[in-house]
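Please look over the chain shown below before reading the notes that come after it.

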Amino acid sequence: MANPLDPKPDASLDSNSFLSGMNDSGATERPFADKLDASMAKDRSVIGKNIKFRGELIGTEDLHIEGTIEGTVIMEGHDLSIGREGEINANIHAQNIVINGTLTGDALADELIEIRNTAVVKGNLIAPRIQLDDGGKFRGSMDMVDTDDEMKARHSEFKDKLVHPNLPPKDEAPSRPAAKKSFAPKDTAKDSAKETELADS
């Protein structure tokens with residue numbers, strides 16, 4: 001007798017079918033954040049767990065951090081993920097931000113910020129979508145932006161936070177080294193005595 005739970009062999013599965021989200025192994029389709037992880041894994045740079053960086057980190061490709069970063073991280077238009085070993089003490093800006101490790105600082109994402117169940121986050125978050133997984137630790141404020149105009153306003157406000165305190169402002173030209181001044185060697189006591197004798201004679 002056929003199992004009533006088995007799909008009919010001649011039944012075609014449409015996109016709205018219950019089984020349409022199943023793959024060959026029987027696992028359900030992965031959620032959005034897991035798809036994001038897969039896309040980020042293709043073309044991205046990695047900062048390993050033995051790397052410590054201090055300063056302003058700017059990139060034009062996706063970045064995964066397992067090391068320690070202090071300062072600012074700007075990955076505008078690209079994705080940023082913080083691994084379980086990652087420890088970030090910085091204000092960050094990226095297209096999508098996925099946090100598995102520790103973040104101390106404010107974060108601005110153009111699309112999504114996700115705090116995974118292993119994450120510890122202390123700071124203020126700004127994004128159209130913010131997801132906090134069960135078990136993730138968060139202390140701060142969440143600002144879920146609704147409109148493009150509101151997002152532009154948040155961008156301009158956030159720019160001040162993306163300057164490392166020990167670096168000069170971006171609009172200032174780097175200072176040129178001062179021209180070396182040449183000084184005549186100081187007169188020694190003997191030379192002063194000789195000049196005094198000549199003046200007296």
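The briefing below begins with the whole chain and then turns to one strand and its surroundings.

This is a predicted model, in which local features need pLDDT of at least 70 and side-chain atom pairs count only at pLDDT 80 or more, while totals for chains, interfaces and linings use all residues. Residues are numbered from 1 along each chain as its sequence is written, and side-chain values use heavy atoms, with hydrogens and water left out.

**The chain as a whole**

- The protein chain holds three helices and 13 strands, where helices (H or I, at least four residues) and strands (E, at least two) are DSSP runs numbered from the N terminus.
- Of the 201 residues in the protein chain, 32% are buried; buried means under 20% relative accessible area, exposed over 50% and partly exposed in between, with a 1.4 Å probe and protein chains only.
- The accessible surface of the protein chain is about 14,000 Å², and carbon and sulfur atoms contribute 50% of that area, as computed by the Shrake-Rupley method with a 1.4 Å probe.
- Among contacts in the protein chain with a separation of 6 or more, 17% link residues 24 or more positions apart, a contact being heavy atoms within 4.5 Å.

**Strand S3 and its partners**

- Strand S3 (62-65) is covered on both faces, with Asp62 and His64 buried on one side and Leu63 and Ile65 buried on the other.
- Strand S1 (residues 44-47) pairs with S3 in the parallel sense over four bridges, and two strands count as paired if DSSP finds at least two bridges between them.
- S3 also runs parallel to strand S5 (residues 80-82), to which three bridges join it.
- Histidine 64 in S3 stands opposite valine 46, and in S5 the bridge partner of histidine 64 is serine 81.

**Valine 46**

- Valine 46, which lies in strand S1, is exposed, with a relative accessible area of 52%.
- Not counting residues up to four places away in sequence, valine 46 touches Leu63 and His64.
- The C-alpha atoms of valine 46 and glycine 67 are separated by 9.0 Å, and these residues are 21 residues apart along the chain.

**Glutamate 66**

- Glutamate 66 is placed in the loop between strand S3 (62-65) and strand S4 (68-75).
- The side chains of glutamate 66 and histidine 64 are joined by a polar contact of 2.9 Å, a polar contact being a pair of N or O atoms within 3.5 Å, of which, within protein, one must be able to donate a hydrogen and the other to accept it, and residues adjacent in sequence count only if both atoms are side-chain atoms.
- Leaving aside neighbours within four places in sequence, glutamate 66 is in contact with Ile47, Gly48, Lys49, Gly83, Arg84, Glu85 and Gly86.
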